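Work through the exercises below with the sequence and model open. Try each task before reading its solution.

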Amino acid sequence: MKASAGGYARARDLSHALDLLADADGMGRVLAGGQSLIAAMNMRLSTGDMLVDISRISDLSGVSVQGRRLRIGALTRHAELGRDALIARHAPLLAQAVNHIAHAAIRNRGTIGGALAHADPAAEFPACVLALDAVLHLEGPEGSREVRAEDFFVDVFETAIAEGEILTAISMPLAEPDEVQMLKEVARRSGDYALAGLCFVRRAGGVRLSVLGAGSTPLLARAAMARLDMEDIGGAVAALRGELNPPSDTQATAAYRRHIAGVLLRRIWEEIGGESA
Amino acid sequence: MTISFGNPDRPNSYIGKTVPRPNAGRLVEGRGHYVDDMTLPRMVHVVFVRSPFAHARIKGIEAADALAVKGVLRVFTGADIAKVCTPWVAVLAHLKGLKSPPEHAIAVDRACWVGEPVAAVVATSRAAAEDGAALVEVDFYPLPVTGDMMTALDADTPVLHADMGDNLAFRREHHEGDVDAVMAGAHKVVSARFKTARHTGVTLEPRSILVDWNGAEGQLTAWHATQAPHMIQSVLAQHLGLEEGRVRVICGDVGGSYGIKVHVYPDEVATAAIAKIMGRPVKFIADRLESFTTDIHARDHEIRAKIAVDETGKILAFDIDDWTAIGAYSVYPRTSAIEGNQVVNLCGGPYDFSDYRAKTTVVFQNKTPTCQYRAVGHPIAVAVTEGLVDMAAAELGMDPVAIRRRNMYADDCYPVTSPAKMRFEGLSHHASMDTLVALMDYDGLRLEQAEMRAKGIYRGIGIASFIELTNPSPFMYGIGGARISAQDGCTVRMDPDGSLVALSGVTEQGQGTEAMLSQIVAEGVGVSPSRVRVITGDTQVTPYGGGTWASRGAGIGGEAALQAALALKASILEVAASMLQAQAKALDIRDGKVVDADSGAERLALEELGRIVYFRGDTLPKGLPRELVQTRHFITSEYPFAFTNGVQASYLEVDTDTGIVKLLKHWCVEDCGRIINPQLVDEQIRGGIVQGLGGALYEEIHYDAEGQLLNGSMADYLVPMAGEMPDMVIGHVETPTMESTLGAKGAGEAGTAGAPAAVMNAINDALRGLGAQVTEMPFTPERILRALGKIED
């Protein structure tokens with residue numbers, strides 16, 4: 001199929017992009033790496049979009065340490081994150097995630113901001129920012145605001161980004177010296193969306209565990225987290241399976257996904273040297 | 001003339017060697033020429049409005065809004081097309097009882113599967129045609145959907161085609177001996193139920209056709225991505241009311257076929273009809289969603305099967321009950337009964353046993369039609385046979401290799417006729433198995449497997465012997481009344497510079513046909529392959545032929561090329577003998593030069609001979625034959641098919657907590673007779689294995705109960721990809737067919753035939769002892785965990 005776009009404009013800078021979105025009569029769509037949006041347009045799943053191309057806005061890209069937090073520009077590409085020294089040191093979960101995201105051609109173009117704004121519940125980055133307790137920075141006609149990852153993901157492909165707003169950056173606390181960050185998932189083929197996956201973070205404040213591919217949004221597994229804080233892996237696995245509501249589709253049933261989530265949690269626990277009782 | 005294939009040092013010894021592919025550089029530089037690369041003056045694009053319902057009456061079509069779209073020129077309904085294009089009925093006389101209703105290029109008043117064309121929109125661009133198609137309003141009245149295969153013949157299941165009386169398309173039962181009596185008295189009888197999933201071929205280049213009607217010439221020209229240009233010529237002529245000679249089919253580069261592009265598709269015929277109506281070139285290129293919903297599907301089978309063995313592991317009988325559902329119509333003109341028929345023909349294939357019963361039941365349903373796809377029926381028959389043999393071995397406590405050696409036809413028993421009445425000219429099951437066991441270090445691998453098991457790692461080894469049907473004679477289609485040539489031809493000519501042009505009726509799909517032909521012609525005449533240009537795929541240019549399917553390109557097309565080349569060599573030598581005042585039999589052609597056969601001393605360069613013949617023919621004796629062009633055709637006559645054989649092995653690891661299978665290594669030893677180009681053969685085997693592994697682990701088309709296709713994208717229909725593919729070791733045994741000088745049999749489908757069975761047996765080998773067994777493909781992580789009883793619903 002051939003895409004049927006309503007229009008296209010390339011933004012010079014952020015304020016230009018916000019103006020273009022404001023002028024789009026509700027049909028504005030932010031184009032970043034295009035790895036999900038263009039595919040959807042080419043299947044005419046999305047038509048009439050007024051594309052606002054932000055990909056040339058250079059100050060929306062790059063990784064920096066700002067005080068006690070790591071800040072990632074929304075246009076930073078997956079491949080760049082995968083080889084970034086600051087990411088490797090302060091948010092290794094994201095570097096692990098990159099290895100599971102699609103294939104090289106997609107990682108070279110896709111951006112973290114695009115992936116988060118797209119909010120595919122089976123994608124890695126949404127679950128990662130949830131586990132990392134990140135903050136998402138939004139810019140809109142009314143100014144800027146921040147949304148915690150826990151409040152950001154609303155439904156399948158739906159986020160807290162309001163009409164006319166652009167996701168500009170993601171920030172998160174720097175990993176503590178003893179912090180454990182680990183991503184494990186099961187996919188049919190390398191690069192496929194996971195049938196289920198876990199993002200595990202253990203820091204002084206406690207364990208954070210998020211699940212991808214197991215519901216309409218990435219899920220923070222609070223009941224399992226509480227059990228893990230008590231070093232109760234058996235209880236955590238049971239709790240995790242209980243709080244998931246994964247989909248059944250042509251790849252696997254909900255029952256399989258629930259089972260796998262528990263298997264992955266046990267494997268993470270064993271790998272970090274936890275008691276397996 | 002003959003060739004001493006046994007002597008690797010013979011002159012011009014290109015047959016049997018890996019030589020460069022003449023079209024490879026062009027293709028990798030992006031200079032391939034596919035249908036979609038073509039733009040003709042006044043060309044327009046057609047897009048099809050397709051049924052969103054699996055079964056619905058078409059009560060009306062309103063096109064006014066579509067016609068108002070800028071760029072949209074015409075909207076055609078089924079009735080519009082039916083005025084210039086007759087419907088077809090895909091039955092063949094030798095498939096007794098096969099029935100199928102008339103099928104129109106565009107559905108006339110009833111749509112029978114999701115994706116069936118119900119209207120066509122023609123516009124100046126594909127995008128405009130899509131805009132128009134979205135605005136065509138079709139008033140559908142949904143009808144009851146027949147989806148499930150096993151209940152299709154039940155009394156309370158709606159009959160899809162009322163005129164047919166029931167949903168049975170075809171049934172065949174073959175019974176040899178007395179299976180019931182043998183089963184009743186056997187030491188062990190093992191039974192199992194197998195399922196193979198609905199697949200499609202997923203060609204890189206989608207189906208593509210560009211058709212122009214030139215009224216002034218009275219000629220229809222179709223540029224078509226096809227495997228069988230002459231068959232398409234015949235079909236377009238017949239259904240558009242033209243003489244065959246007024247239809248020209250040109251097939252340039254093709255980006256993969258796998259059987260998908262050997263069939264007649266309604267939308268492609270409609271494109272030709274529209275070109276004839278509009279008198280201008282019309283292009284249709286399927287997009288990926290259309291590929292999933294309208295390319296033929298295949299392999300949707302469910303089989304209940306039994307094997308009987310005695311105490312020593314001797315196979316006594318097989319009893320096979322195969323069911324398959326073929327969608328809404330039998331596919332034209334090869335029909336959709338062939339796959340089930342092949343299952344009946346091929347089960348038990350490698351084994352010397354006497355009592356055999358096999359039945360196939362082929363039913364209609366409201367899904368995309370199925371038809372022949374690479375290795376037609378073989379992966380099903382091999383999985384059933386080899387699965388049962390392994391289960392019997394396990395019951396008896398026998399090693400899987402030992403039970404096969406106990407039962408395979410002896411290498412010196414040929415010719416022999418199997419219980420399925422297949423005639424084998426010469427096979428090498430035991431030599432192939434010996435080669436495989438050595439290649440893979442079978443005993444060493446068993447030790448490694450046991451060591452890993454002790455560490456809680458579940459690895460499995462799976463073996464699958466197989467036979468493959470290649471080089472088909474008219475017994476495959478022609479005797480049933482189809483205008484599909486089993487014969488093929490080749491014309492070879494020498495031009496003044498001493499270079500050769502070969503015109504062949506077999507086609508290049510990207511697999512290297514032209515390389516194979518160039519080296520045969522080069523050796524046959526006595527020049528370097530770089531001096532041979534090969535032309536294929538043009539019905540007005542090449543000799544009449546069948547094209548490329550059923551692994552016939554090398555065995556049939558190659559032999560025609562060899563005979564034409566040898567004939568041209570004789571013609572050249574006759575002229576040379578006259579010029580050199582020598583005996584033709586004392587001369588030879590080596591590396592583009594006429595030489596003394598005994599000494600090898602150069603006598604005359606071919607370009608000098610060409611100069612004399614073409615420009616100074618006055619200096620040659622009057623009456624000397626000087627036709628430096630020869631055509632030969634070849635058809636097999638002794639055997640209906642040239643069977644090949646081989647054996648594959650898979651080594652893999654099963655994660656018993658996640659159900660994920662990791663393929664560690666794969667082996668295939670194959671006997672395709674004379675090997676023309678070892679690299680091309682090995683890559684055919686590897687590519688075929690990959691497709692077989694796809695069927696074993698990944699590929700499955702899903703429909704819901706309403707007949708909606710659920711996974712029509714590359715994200716949801718999983719094809720095998722490089723990351724998961726194991727190293728593959730390929731070995732060969734060569735048993736040339738005596739039907740031809742060349743001795744080549746086919747190699748294109750062997751990999752696909754055996755790989756799924758090898759993987760299934762390896763998984764079950766890994767799971768043996770855990771009380772789990774899988775027989776339903778693909779072996780998804782979930783199916784494996786369910787077999788292990790690990791999933792709580």
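This is a predicted model: local features need pLDDT of at least 70, side-chain atom pairs count only at pLDDT 80 or more; totals for chains, interfaces and linings use all residues.

Residues are numbered from 1 along each chain as its sequence is written, while chains are lettered from A and ligands numbered from 1 in the order in which they are written.

**Exercise 1. Find the domains of chain A and chain B.**

Step 1. Take chain A. Domain 1 spans 7–53, domain 2 spans 62–173 and domain 3 spans 181–271. These bounds come from an automatic or database domain assignment.

Step 2. In chain A, the C-alpha centres of domain 1 and domain 3 lie 34 Å apart.

Step 3. Take chain B. Domain 1 is 24–33 + 487–634, domain 2 is 39–143 + 204–256 + 260–294, and domain 3 is 297–474 + 638–787.

**Exercise 2. Describe how domain 1 of chain B meets domain 2 of chain B.**

Step 1. The C-alpha centres of domain 1 of chain B and domain 2 of chain B are 39 Å apart.

Step 2. Count the contacts (C-beta atoms, placed from the backbone, within 7 Å). Domain 1 of chain B gives 17 residues and domain 2 of chain B gives 16.

Step 3. Sort the domain 1 side by class. It has two nonpolar, 13 polar and two charged residues. Here Ala, Val, Leu, Ile, Met, Phe, Trp, Tyr, Cys and Pro count as nonpolar, Asp, Glu, Lys and Arg as charged, and the others, Gly among them, as polar.

**Exercise 3. At what angle do H10(B) and H18(B) pack?**

Step 1. Locate the helices: H10 of chain B is 378–396 and H18 of chain B is 750–767. Helices are DSSP runs (H or I, at least four residues), numbered from the N terminus.

Step 2. The angle is about 30°, with the axes 7 Å apart. Axes are lines fitted to C-alpha atoms over the stretch in contact, and angles run from 0 to 180 degrees between N-to-C directions.

Step 3. H10(B) and H18(B) are therefore roughly parallel, a label for angles under 35 degrees.

Step 4. Name the contact residues. H10(B) contributes residues including B:Val382 and B:Glu386, and H18(B) contributes residues including B:Ala757 and B:Met760. This contact has seven nonpolar, six polar and two charged residues.

**Exercise 4. Which helix gives the largest share of the side of chain B that touches chain A?**

Step 1. The contact takes 25 residues from chain B and 17 from chain A.

Step 2. H4 (126–135) and H19 (781–787) of chain B each supply at least two residues of that side. The largest share, four residues, comes from H4(B).

Step 3. By class, the chain B side has 10 nonpolar, four polar and 11 charged residues.

Conventions
Angles under 35 degrees count as roughly parallel, over 145 as roughly antiparallel, 65 to 115 as roughly perpendicular and the rest as oblique. Two residues are in contact if their C-beta atoms, placed from the backbone, lie within 7 Å.
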